[in-house]
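Biologist: Hey, could you walk me through this one? I'm new to it.

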Amino acid sequence: MMKDFMKKIVNNSWVDKLRKGTQEPKNKPFRRSHVPFRLNFLFFIIFTLFVALIARLGYLQIVDGEAMEARVKSTSTITVQESTPRGMIYDSTGKALVTNKANQAITYTRGSKVTAEDMLKIATKLNTLIDVPADENLTKRDKKDFWLADPKHLKEASKRLSAKEKQLDNSEQYSATVDKVTDEEISFNEEQLKAATIFKRMNSAYELNTVYIKNSGVTDQELAVVAERASELPGVSTGTDWTREYNAADSLKSILGSVTTEKQGLPADEVDKYLAKGYSRNDRVGQSYLEKQYEDVLQGTKTQYEVHLDKDGNVSSQKEIFAGEKGSNLMLSINADFQNKVEEILKTNYQTLINNGKAQYSPGAYVVAMNPQTGEVLAMTGFSHEQGSKEITENALGTITSAFTPGSVVKAGTLTAGWQTNVISGNQVLIDEPIRLQGSTEKSSVFNRTGQRALTAVQALELSSNTYMIKVALKMLGLEYTPGMGLPSLDEEANAYQALRDAFKQYGLGTITGIDLPNESPGISRSVEYMKKFNADNGGEQWYTSGNFTDLAFGQFDTYTPIQLAQYASTVANGGKRIQPRLVKAIYGNDENGGLGDVKKEIGPKVENNVDISAEDMSILREGFHQVVHGTDGYTTAKPLASAKMDLSAKTGTAETVAEGHPDITTVNSNIVAYGPTDNPEIAVSVVLPNLLDEKDHMNLTIAKEVTDAYYDMFMAK
């Protein structure tokens, strides 16, 4: 046909006819016309273009025919990514705490045009080649989807739709069809359940995404048979997977956190954030604590595959083009052996309190140890306890999430507030005596219930004078103590509350410490506005009174976490620098075997603020803490620590509380902060034992001494 058409052009017979049609009649005067020339020129151009087109078509058919045919049959090539193993986590000595166990795996990459019927055929075929145990968590919906993947079944179920249901859009119509499948139709035998399990895993893959069909217990024979039959199983391939293994003590396991499974994928509340970073929906990511905090470091660089799709959109082959790289490794500041020792010390002593009935109402017990010069956490452990039970369970995370009334340990903060507001100066002497305020019960110090005693600021710390701190608080309100005096209103106390809490915060009390773990609690600090509103909401009853401000001054109002108390002790220990606590001391690369490689980043100390007092005033605090242990008064509060293996300084604290659920039962929070050696501190410790029936056995002192002695034996003894 093309040949005949070209012949007509060459003969130009139809052009002649057109030309004749444009000639002037014979009986008219002759006049030259330019139309025939223009038409000739136009037809010449058309002729030239047709010749060029024919030449090009001939070239494509004869010269490039095979290549064009191959492109039509296959073809598109795309690049897909697959996650690599996460970085590992080591203790401070290089001992691996979190590792990856490599597993052989059978994978499936979903093509761009794959239908449920396609996956059904592959799943059925694959079920005859490998052993995939039936998933115990197969739902009715999973089974119905598998059953409906067969076009015959889908057609059968579709006939059960009502006329109205048939008018629904595709997704809604399918949901209605699912509802038409009966229980008898999905009453599968064992082999069908296995095939349904494979289908479910394949069906969970997004377009051009890879999922694991089997990633544990894969035999060499299964790998071989899948590789051999690859052409019959579009998208199915062999590869490797990894599982996270935690080789640490229980207390460290909770701090280390966990990783999502492939099935869980990205956390629902953070999907958009991760997708924006290039993650896939089924990627495994850190879902808690260190694994989550350092996700960007631990997550590796993805392996890239070149995937070829056939004309139907099925995966015909895939080839690795970039091997990817395992994530970077973390080295912790914690020595696993020391952590285990601290955990055992706390567990043994707390269990003693449980067994003798002293801790029957106690919700838990906690210890934090950190280096006051660098902020490195040396150990953190805790245990939870249910009332009436003799059992305790690991709860190291309570050190950052649970807050308790601290008692007198915070008195360095009160003195700091007094100096900062210029209501006291230096080692000022104040009279310790019972305090009687209007509308409040009498308040006094343990060592002085009736008389008067002149005390310096150092002695007020050594003997833990409540009265000294109350008088500092009164001075902050512009008042001098007189028996029976009244106090200003909550409104009038607002500025003093702020000043006192600002001083506490400079030590890390009442604010997050910045530790490199998520979900840290700041404790509870009730604002004046909150207290006023609470009173108003309860019919004007004075739940909160102006006397709460003086309670705050000696640690009987706000609540703090064990990590806050450890940062507070560290700040006094190092002379006034509040250093951010941290668990990770360095980030490492990988060696050729995937183990601990070279240092990529060392994480140095981060000073969050300096306490705003003079060096002389800070020396007074440090001397007071030293005298708490080494003072000669009969009421020196932490004398048992004088026999410790290093020179210790400390501050004890006892807070009166009530048992949870038992408002008629009075309990005490028995706490202590300590650091040593005093002149060049290497360790600061906080011990929190809430809601004990009494503290006569001074278990807080015992635990602090045993922890610091263990540190001395492991790191300081020659």
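Predicted model: local features only at pLDDT ≥ 70, side-chain atom pairs only at ≥ 80, totals over all residues.

Biologist: Which residues touch the most other members of the largest nonpolar core?

Modeller: Those are Leu-415, Tyr-468 and Leu-621, in a core of 61 residues. Helix 19, residues 466-476, gives the largest share of this core, with seven residues.

Biologist: What does Tyr-468 touch?

Modeller: Leaving out residues up to four places away in sequence, Tyr-468 touches Leu-415, Gln-428, Leu-430, Asp-432, Leu-455, Thr-456, Ala-457 and Ala-460.

Biologist: What follows helix 17?

Modeller: Asn-422 follows helix 17, and its phi is positive, near 60°.

Biologist: Switching to rings. How many aromatic pairs does the structure hold?

Modeller: There are 18 aromatic pairs. Take Phe-338 and Phe-715: their ring centres are 5.7 Å apart and their planes are at 75°, so this pair is edge-to-face.

Biologist: Where do Phe-338 and Phe-715 lie in the chain?

Modeller: Phe-338 is in helix 15 (residues 336-355) and Phe-715 is in helix 25 (residues 699-716). They are 377 residues apart, so to speak a link between distant parts of the chain.

Biologist: Is Phe-338 buried or exposed?

Modeller: Phe-338 counts as buried, because its relative accessibility is 1%. Phe-715 counts as partly exposed, with 39% relative accessibility.

Biologist: What about the pair of Tyr-711 and Phe-715?

Modeller: Their ring centres are 4.9 Å apart and their planes are at 45°, so that pair is tilted. Both residues lie in helix 25, four residues apart, which is about one turn of the helix. Tyr-711 counts as buried, at 8% relative accessibility.

Biologist: Which residues form an aromatic cluster?

Modeller: Tyr-530, Phe-534, Trp-543, Tyr-544 and Phe-557 form one cluster. Phe-557 also has the charged end of Arg-526 over its ring, 5.9 Å from the ring centre.

Biologist: And what sits over the ring of Trp-242?

Modeller: That would be the charged end of Arg-284, 4.2 Å from the centre of the ring.

Biologist: Last topic, pockets. What is the volume of the second largest pocket?

Modeller: Its volume is about 910 Å³. The lining has 32 residues, and Tyr-212, Thr-261, Glu-262, Lys-263 and Gln-264 lie nearest the centre of the pocket.

Biologist: Which elements give two or more residues to the lining of that second largest pocket?

Modeller: Helix 9 (190-203), strand 4 (210-214) and strand 5 (236-246) do.

Key:
Residues numbered from 1 in each chain as written. Heavy atoms only, no water. Core = buried A, V, L, I, M, F, W, Y, C linked by side-chain atoms within 4.5 Å. Buried < 20%, exposed > 50% of the residue type's maximum accessible area, 1.4 Å probe, protein only. Contact = heavy atoms within 4.5 Å. Phe/Tyr/Trp six-rings, centres within 6.5 Å; stacked < 30°, edge-to-face > 60°. Lys NZ or Arg CZ within 6 Å of the ring centre and 35° of its normal. 1 Å grid on protein atoms, 1.4 Å probe; cavity = no way out; pocket = protein on both sides within 12 Å on 5 of 7 lines; lining within 4 Å. Points joined across faces, edges and corners; volume = space filled by probe spheres on them.
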